[in-house]
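Reader: I am new to reading protein models. Could we go through this one a feature at a time?

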Amino acid sequence: MSERPLVLLLSGVNLNLLGERDPAVYGTATLADHVATATAAAHAHGLALEHLQTNHEGVLVDAIQGARGRCAAIVINPGAFTHYAWSLHDALDAFAGPIIELHLSDPKAREPWRHLSVVEPVATETIAGKGGDGYRLAIEAVAARLGA
Ligand code: DQA
């Protein structure tokens, strides 16, 4: 049996607090709930999923670099790193597969400082403002791009 293509799901700064943090904006589901949603969607499409959450920009850069040649696609919700961490832009730019930028909320409908995404120019697709359902939609977008 050939190995299932691997999707790397990356969660950035403060996303470990989902469920407790600003539920009016982010909902009451925890990050573990969202990872379970994404994992189920991945398996339904014959994909494997690996998840990493970190509050450290450099750890995300290492994970993105480590995905080169190993992972078929990246789904990334960078949290607030979205708005200023150009190192993520450059690391993602060096990744060959589909990249889905994912947000629970719609940052462009919020405070002006959230309107810039440094990830958007290198993302294949952005999914924002769909709440927890975005995790399923992001995996489906990956599956469509990979023909899985
Ligand atoms: C977020 C949006 C960002 O602006 C914010 O800093 C987050 C979460 C989202 O999923 O809606 O931490 O990425």
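Reader: Which residue in S5 is the bridge partner of His103?

Author: Ala128 is the bridge partner of His103. First, the ground rules. This is a predicted model, in which local features need pLDDT of at least 70 and side-chain atom pairs count only at pLDDT 80 or more, while totals for chains, interfaces and linings use all residues. Residues are numbered from 1 along each chain as its sequence is written, and side-chain values use heavy atoms, leaving out hydrogens and water.

Reader: What joins strand S4 to S5?

Author: In general, the strands of a sheet pair through backbone hydrogen bonds, either parallel or antiparallel. Strands are DSSP runs of E with at least two residues, helices are runs of H or I with at least four, and both are numbered from the N terminus. Two strands pair if DSSP finds at least two bridges between them. Here S4 (residues 99-103) and S5 run parallel, joined by 4 bridges.

Reader: In what order do the strands of the sheet lie?

Author: The open sheet has 5 strands in the order S2-S1-S3-S4-S5, with parallel pairing. S2 (48-53) and S5 (125-128) are the edge strands, each pairing on one side only. From one strand to the next, the twist averages 20°; axes are lines fitted to C-alpha atoms, for helices over the stretch in contact, and angles run from 0 to 180 degrees between N-to-C directions.

Reader: How does S1 pair with S2 and S3?

Author: S1 pairs in the parallel sense with S2 over 6 bridges, and likewise with S3 (residues 73-79) over 6 bridges. Leu8 stands opposite Glu50 in S2, and Leu10 opposite Ile76 in S3.

Reader: How many residues of S1 are buried?

Author: Buried means under 20% relative accessible area, exposed over 50%, and partly exposed in between (1.4 Å probe, protein chains only). In S1, 8 of its 8 residues are buried.

Reader: Which residues form an aromatic pair?

Author: Rings of Phe, Tyr and Trp (its six-membered ring) pair if their centres lie within 6.5 Å; planes under 30 degrees apart count as stacked, over 60 as edge-to-face and the rest as tilted. The structure holds 1 aromatic pair. Phe81 and Tyr84 form it, edge-to-face, at 6.1 Å centre to centre with 70° between the planes.

Reader: Why does Phe81 count as buried?

Author: Phe81 counts as buried because its relative accessibility is 4%. Tyr84, at 49%, counts as partly exposed.
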